[in-house]
Amino acid sequence: MNERPNNNPSSRLLVALFWLYVLTPLAWGVWSTVKKALALFG
């Protein structure tokens, strides 16, 4: 019952690409919000 997750290189690459796909628009949104906040309060 104690099975290890699949850690072959292709699944690691897939996970890395998925997180890149998720974090890119998130980082852009945070950066855009920070720029607008600085313009508003700065």
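Here is a walk through this predicted model, from its overall fold down to a pair of rings. Local features are reported where pLDDT is at least 70 and side-chain atom pairs at pLDDT 80 or more, while totals for chains, interfaces and linings use all residues. Residues are numbered from 1 along the chain as its sequence is written, and side-chain values use heavy atoms, leaving out hydrogens and water.

Start with the fold: the protein chain has one helix and zero strands, both read as DSSP runs (H or I, at least four residues, for a helix; E, at least two, for a strand). Helix 1 takes in 33 residues, 9-41, and should span 48 Å, which agrees with the 46 Å between its end C-alpha atoms; the expected span is 1.5 Å times one less than the number of residues. There's a bend of about 25° at L23, with a proline, P25, following within four residues. That bend is the angle between axes fitted to the seven residues ending there and the seven starting there.

Now for the rings. Rings of Phe, Tyr and Trp (its six-membered ring) pair if their centres lie within 6.5 Å, with planes under 30 degrees apart called stacked, over 60 edge-to-face and the rest tilted. That gives one aromatic pair: F18 and W19 have ring centres 5.8 Å apart and planes at 70°, so they sit edge-to-face. F18 is partly exposed at 47%, and W19 is partly exposed at 46%.

Notes: Buried < 20%, exposed > 50% of the residue type's maximum accessible area, 1.4 Å probe, protein only.
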